[in-house]
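Colleague: I would like to learn how to read a structure like this one, feature by feature. Could we go through it together?

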Amino acid sequence: MKKILISLLVLSIAVPAYAIDGTQLLKQIDRNLNPESYEMYRKLINIEPNGRKMEYTFFSIKKGVDKIAGVFIAPASEKGRSTLRLGDNMWLYIPNVGKPIRITSLQSVIGGVFNNADILNLDYTAEYDAAGVEEKGNEYFLQLKAKTKMVAYDRLNLWADKNKKLPSKIECLTEAGMLIKTLYFKEVKDFGGRIVRPSIIETDSPLYKGYKSIMIFAKIKQRDFKDEVFTLTFMPNIESLR
Amino acid sequence: MGKGLLFFLAWVIIFLGSFAFAEEEYKFDLSEIEKKPYHLGGYLELRPILFGLDRNASLYKLKFFNRDEGKTIEEYDGKLRLEGSLEKGIARLFVKTNFDLQYSYLGWKHNEPKSMIYEGYLSLKPSSSLSFNFGKQTLLWGKGYAWNPVAFVSKPKDPDDPELALEGYITASADYIKSFQGPLKTVSITPVIFPVYKDINDDFGTVNKLNFAGKLYLLLYDTDIDLMAVTGGSRTTRAGIDFSKNITPNLEVHGEFAFINNQKSRVIDSQGDISEAKSDAKSYLLGIRYLTASDTTFIFEYYRNGAGFSHLEMKDYFTFIDRGYNLFLLNRNNSLLKKAASVTEGNYGRINPSKDYLYLRISQKEPFNILYFTPAISTILNLNDRSLSLSPELLYAGIKNLEIRLKAIGLLGGRGTEFGEKQNDYRVELRVRYYF
């Protein structure tokens, strides 16, 4: 009898942890961060150890789980540079060069700590499986594993607010568990259209000691696009969608 | 190095140093993302160049046979690029102008007025699937980095600086795009009407011809594939195919194949006899782009130029120039040099005129955590005569809207080789661009 009582007690503690469906939670986090199809403006700022800053303004559009495109609208030296991602395929179009070239998710079109995968980020559920989920105080702790080798980071450790179901911190790791960078999600803001999400993502990296990059979200709006705008041929015209 | 060039370099370094500390505080103003119906921008470029002349080289003799400019010459290039666009409804007018000013041992020079408009066209977009462009535009086809044998309707690019903007041609074109689910994700069709008449694209080929070109693009099994062709009489009919694919996230492979029907060639032998022949030419390119974990990018390409000259043909051409130069030294008779010059333009004098080349570029992004700094080294190897060019460069773009590039090109090769017979032994240049 005593054994049964102890077993019931253990189960009553353990069951809530196992009751959380990591995949469902991740889906919810994805939808809380962005609508499935949207347009948004972001400012990317690289900050060097001496305090010097470089800023980039980026307009991006997304459709479904695997289509995202964007164009730099400032500074003048980057204006018109557009990027496209279709699943694992990524391209960069430089107006001066006049034709799109294939790039990889690990590269960075702007330099600094953010790479292309951070800027052209798809839904987490599109690229990662939830390998484990735990409750830690007021937060969920999710361990995510890349679905394929084509994904920029092999593993993610994601901390999310329990109530808002929004990420507060993400560690990006190699397969061997080496930390590549940490993303900090800050200042939850109401963007209208029932989009309430962090308006700032800060990142630092042990690979870039003393350097920091910040992403500030200005406008996020649900918007539907035709599939044809997510094509190589349309890349020079992405700015016309603003 | 000339004193003038040294003074200029010192001035640029001092000027940029003061610029670096003049950065303003960051702010995010929503007015920055407000879209205006018009746009004006561009850049101002200054480029002092020092050339180290090879006074024994055939091409030096061809150009400088009647003048002595010493061992080095300086050149100061300035460029003003202006871009403007105006949008209303489905229409967009775009103009890109280019004003080049040059000071060299020949004095002041600027580009021809008709070359000042690089692009200028009206674009109509009735839908996201369909667009039409009318006017002067650059249609750069192909996947190669240094060379594009399938770029049938654009001016040839310079493998020493493959990312330079090219002047366009006056054309009418359309783009129709269709997306699908499944392995075939995208199909797009680009038909082009290419007129060649007096004062319209007359440098393209035979005038008074209306040419037609077209490109079909497919994204199939995550592979970019293009099929293209041009016909109409200004140049002989040609067709091609290219592809590009990521094998892994950090390894891309690409290739091009071009078939040129009845390509004409003019060959001069060492005695000065010129023969003309027509044959079908097949050119192709195979390349990779590889990114290492430490952000080093390798671009490696092999280029087979089907319309190129053999090593022996190149050697004969250089031998004939040397004969012409010796005749000039003997009795001031430049008739043979004139004859050699007549087969140079657009023939032996075109960019990379030989048959087989290798290209390698290694660039390192932000070494030692120096943001926006990219050192690189590129080489073009002529496989037929084993001569090569070697170009180290340092690029810094860490100051808002300013880009600084210091580049050198060294040419290595024996007598009778492509790079060994160029007029220069080396070239050093500083390029400073300010975008606005």
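**Reading the features**

Modeller: B:Y217 is buried, because 22 other C-beta atoms lie within 10 Å. The model is a predicted one. B:Y217 sits in strand β9 (residues 209-220) of chain B.

Colleague: Which residues does B:Y217 touch, not counting those up to four places away in sequence?

Modeller: Two are in the other chain, A:L232 and A:T233, and the rest are B:T186, B:S188 and B:D226. For B:S188 the sequence separation from B:Y217 is 29 residues, while the C-alpha atoms are 5.0 Å apart.

Colleague: What does B:L53 look like when treated that way, buried or exposed?

Modeller: B:L53 counts as buried, because it has 20 C-beta neighbours inside 10 Å, and 20 is the cut-off for that class. The residue belongs to strand β1 (residues 38-53) of chain B. Leaving out residues up to four places away in sequence, B:L53 is in contact with B:Y60, B:K71, B:T72, B:I73, B:Q423, B:N424 and B:D425. Take B:N424: 371 residues separate it from B:L53 in sequence, yet the C-alpha to C-alpha distance is 4.2 Å.

Colleague: Now the contact between the chains. How is the size of an interface given?

Modeller: The accessible area lost when the parts come together is often used. Here I can give residue counts: 43 residues of chain B are in contact with 46 residues of chain A.

Colleague: Which strands of chain B each supply at least two residues of the side that touches chain A?

Modeller: They are β7 (169-179), β8 (184-196) and β11 (238-248). The largest share comes from β7(B), with 4 residues. By type, this side of chain B has 16 nonpolar, 12 polar and 15 charged residues.

Colleague: Let us turn to helices. What is the general idea?

Modeller: An α-helix has 3.6 residues a turn, so residues three or four places apart point the same way. As a case, α3(B) has 21 residues and spans 31 Å from its first C-alpha to its last, close to the 30 Å expected at 1.5 Å a residue.

Colleague: Which residues of α3(B) are buried, and what do they pack against?

Modeller: The buried ones are B:M314, B:K315, B:D316, B:Y317, B:F318, B:F320, B:I321, B:D322, B:G324 and B:Y325. Their packing partners in chain B are α2 (58-64), β12 (251-268), α4 and α5 (344-348).

Colleague: At what angle do α3(B) and α4(B) pack?

Modeller: Helix α3 (residues 311-331) and helix α4 (residues 335-342) of chain B pack at an angle of about 150 degrees, with their axes 7 Å apart. The pair is therefore roughly antiparallel, and the crossing is left-handed. On the α3(B) side the contact uses B:F320, B:I321, B:R323, B:G324, B:Y325, B:L327 and B:F328, and on the α4(B) side B:L336, B:L337 and B:A340. The residues of this contact divide into 8 nonpolar, 1 polar and 1 charged.

Colleague: Last, backbone geometry. What should I look for?

Modeller: Most residues other than glycine have a negative phi, and most peptide bonds are trans. B:R332, which follows α3(B), has a positive phi near 60 degrees. Phi of B:N369 is also positive, near 60 degrees; B:N369 lies in the loop between β15 (356-364) and β16 (373-382) of chain B. With 13 other C-beta atoms within 10 Å, B:N369 is partly exposed. B:N401 is partly exposed, with 17 other C-beta atoms within 10 Å.

Colleague: Which peptide bond is cis?

Modeller: The bond from A:A74 to A:P75 is cis, with omega near 0 degrees. A:P75 is in the loop between β3 (67-74) and β4 (82-86) of chain A.

Methods: Residues are numbered from 1 along each chain as its sequence is written. Chains are lettered from A and ligands numbered from 1 in the order in which they are written. This is a predicted model: local features need pLDDT of at least 70, side-chain atom pairs count only at pLDDT 80 or more; totals for chains, interfaces and linings use all residues. Axes are lines fitted to C-alpha atoms, for helices over the stretch in contact, and angles run from 0 to 180 degrees between N-to-C directions. Angles under 35 degrees count as roughly parallel, over 145 as roughly antiparallel, 65 to 115 as roughly perpendicular and the rest as oblique. A crossing is left-handed if the near helix is turned anticlockwise from the far one by less than a right angle, and right-handed if clockwise. Two residues are in contact if their C-beta atoms, placed from the backbone, lie within 7 Å. Ala, Val, Leu, Ile, Met, Phe, Trp, Tyr, Cys and Pro count as nonpolar, Asp, Glu, Lys and Arg as charged, and the others, Gly among them, as polar. The expected span of a helix is 1.5 Å times one less than its number of residues. A residue is buried if 20 or more other C-beta atoms lie within 10 Å of its own, exposed if 12 or fewer, and partly exposed in between; C-beta atoms are placed from the backbone.
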